[in-house]
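Hi there,

Here is the structure I promised to pass on. Have a look at it first, and then read on for what turned up.

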Amino acid sequence: MTNASFMTRETIVNTALALLLLGFPLAAQAMGEPFYITLATRIAILALAAVGLNIALGLGGLVSFGHAAFFGLGGYAAGILATHAFDGVPLFAGIPGTASMPIIWLVAVMVCGLIALPIGAISLRTTGVYFIMITLAFAQMIYYFAVSWPAYGGEDGLSIYVRNEFPGVNTAQPLSYFLICYAVLMAALGLFWLLRGSRFGAALQAARQNATRLSAVGIAPFNIRLVAFALSAMVTGVAGALFADLNKFVSPSMLSWHMSGELIVLIILGGKGRLFGPVAGAMLYVLFEFALGGITERWQFFLGLILLGVVLFARGGLLGLLAGKARHG
Amino acid sequence: MSIALLLEQLLNGLQLGVMLFLMAAGLTLIFGVMGLINLAHGSLYMIGAFACAAVAAATGSFWIGLAASLVAAAAAGAIIEVTVIRRLYDRDHLDQVLATFALILIFSEGTRWLFGSFPLYLDIPPLLQGAVPLPGGGQYQLYRLAIIGVGVVVALGLYVLISRTRLGMRIRAGESDREMIAALGVDIRTLYTVVFALGAALAGLAGALVGALQSVQVGMGEPALILAFVVIVIGGIGSIKGALFGAILVGVVDTMGRFLLPKALALMIPAAQAGPIGAALASMLIYIVMALILAFRPSGLFATQS
């Protein structure tokens with residue numbers, strides 16, 4: 001069974017990546033270098049956002065160029081709820097804000113799902129380039145709204161004065177906060193794995209490969225894609241909430257189209273549709289950013305060159321390199 | 001609110017629309033002929049603006065700067081077509097998005113490297129300074145009127161080029177059947193480079209013209225690029241007629257929305273709230289229009305058959 005041997009190799013690589021991401025901040029803690037813990041937390045959160053996008057892009061072939069919208073909405077959910085909790089001012093109709101992370105994540109998931117449904121319903125009527133541009137345009141719409149709406153900081157963004165709370169954990173400690181993010185990332189990877197193996201996942205991948213045949217067996221591709229788009233947005237939204245708490249700050253830049261582009265870049269660097277593709281991609285990206293940023297302030301120039309090289313010559317990303325070609329799933 | 005003010009805003013909308021048309025025409029032409037989505041089109045716009053500002057500052061003449069912007073943008077377009085874009089025609093749209101996203105990073109950071117982080121300024125040429133009277137007693141900037149004029153000339157020129165010349169015939173043939181036109185002995189590679197350089201030159205022209213109205217800085221191309229996307233999605237990707245219609249629609253709706261929405265809201269709710277809410281709504285207006293159009297016509301108003 002050639003497939004089985006590929007799976008083993010990919011599983012080994014995946015396990016190594018998971019352990020590497022966990023071991024790095026533990027080592028940093030032991031050596032008293034909290035900066036590197038923050039770096040690892042950043043990797044975990046960006047990977048989580050990209051795992052969300054990977055549901056739509058990797059499994060469903062839906063190139064959403066607007067996932068920053070959900071990343072930012074998650075961030076604003078955290079920022080707005082925390083601000084209201086901090087000030088003691090009710091949100092509206094007497095509903096109080098909250099500093100509890102689980103509730104914030106739940107709100108982020110619900111908000112992103114509710115907004116992804118209409119955006120998806122309109123965008124999914126189109127395909128190809130239209131879909132790319134429309135998701136981009138919707139994300140810009142939310143971006144401009146955040147910029148021009150003065151109540152929550154507008155262009156200047158919104159500070160979270162104290163990092164939100166998680167029951168039984170001191171979130172102000174870098175390592176504790178990393179472990180929360182890492183656990184959420186692993187849960188999302190589990191969700192992605194379950195989803196990919198499920199009947200729904202099979203239908204979603206069939207919708208990518210041949211929508212006509214999927215319709216012929218009585219499954220409407222539109223509904224499958226819409227659910228996948230919403231699920232994808234929800235996962236990315238949680239990542240946004242975590243990112244806001246990491247930086248203790250949320251601003252429209254989380255909603256900008258550069259962010260959407262970066263999320264796609266993470267997936268492609270790591271390997272599209274692969275379980276650990278986003279993790280590998282986020283590690284590479286943050287590493288590039290950190291290493292190049294240390295050498296030159298023009299690091300984006302070189303990042304562009306590297307990215308161009310990857311797209312033109314190294315298809316399949318890092319996982320394609322380490323774990324062989326993806327199985328056709 | 002006087003008629004003159006309304007007319008002025010309407011002309012502003014038209015001027016924005018013309019600028020968007022220059023961007024969108026190239027973008028839609030490149031997509032229609034080569035099937036390529038080019039995010040770096042905004043960078044070509046920025047290159048046009050920087051070339052114009054730098055050359056105008058060095059020579060003292062806006063007009064030499066304007067010519068330089070066309071040359072610089074067309075040259076940059078031809079160079080990236082030959083080195084990068086050419087390899088992307090047979091790739092899927094995801095690869096095209098990523099590669100051209102990488103080009104944006106390279107161009108933006110490269111420009112910052114060359115010119116520094118401070119914006120450049122470009123003066124309106126003496127010939128076009130001043131204002132013309134509007135009916136109803138207002139005044140309107142001559143330069144903005146000239147931009148509208150340039151747009152009309154370019155639209156007519158493109159129409160003649162595409163429908164009346166041999167090059168246009170080849171472009172249309174390339175749009176409908178790439179293999180057949182190659183089999184008939186047309187050098188399709190050169191044709192693609194020419195089309196790409198033409199689109200780039202139009203973007204550069206737009207950048208240079210707008211450069212005299214606002215500051216010339218890195219990142220200026222991105223808002224214009226995204227608006228141009230909205231335009232071609234509304235108009236139907238690949239259709240120049242659609243790009244013209246979509247550009248005017250987006251330009252006028254955006255400008256009039258920003259002008260009228262806060263005023264309209266002020267009639268219903270207290271003025272202190274109407275301002276910010278109206279501004280926030282106005283900034284979303286064109287996207288709402290786009291969503292509505294797509295809900296009924298998913299491939300745009302003037303969709304081409306392919």
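Let me start with how chain A is put together. Among its contacts between residues at least 6 apart in sequence, 76% join residues at least 24 apart. Please keep in mind that this is a predicted model.

Chain A contains 13 helices and two strands. Its radius of gyration is 19 Å, close to the 20 Å that the globule rule gives for 329 residues, so chain A is as compact as a globular protein of that length. Along the principal axes, its C-alpha atoms fill a box of roughly 60 × 50 × 40 Å. Buried residues make up 53% of the 329 in chain A.

Now for the interior. In soluble globular proteins, nonpolar side chains tend to be buried together. Here the largest nonpolar core has 222 residues, and the members that touch the most others are A:Leu48, A:Ala137 and B:Val230.

Over in chain B, take a look at helix α10, which covers residues 240–266. From first C-alpha to last, this 27-residue helix reaches 39 Å, close to the 39 Å expected at 1.5 Å a residue. Even so, α10(B) bends by about 35° at B:Gly257. Of its 27 residues, 19 are buried, so α10(B) is largely enclosed by the rest of the structure.

Enjoy exploring!

Best wishes

Definitions and conventions:
Residues numbered from 1 in each chain as written. Chains lettered and ligands numbered in written order. Predicted model: local features only at pLDDT ≥ 70, side-chain atom pairs only at ≥ 80, totals over all residues. Helix = DSSP H or I, 4+ residues; strand = E, 2+ residues; numbered from the N terminus. Expected span 1.5 Å × (residues − 1). Bend = angle between axes of the 7 residues up to and from the residue. Buried ≥ 20, exposed ≤ 12 C-beta atoms within 10 Å, placed from the backbone. Rg over C-alpha atoms; globule rule 2.2 N^0.38 Å. Contact = placed C-beta atoms within 7 Å. Core = buried A, V, L, I, M, F, W, Y, C linked by C-beta atoms within 7 Å.
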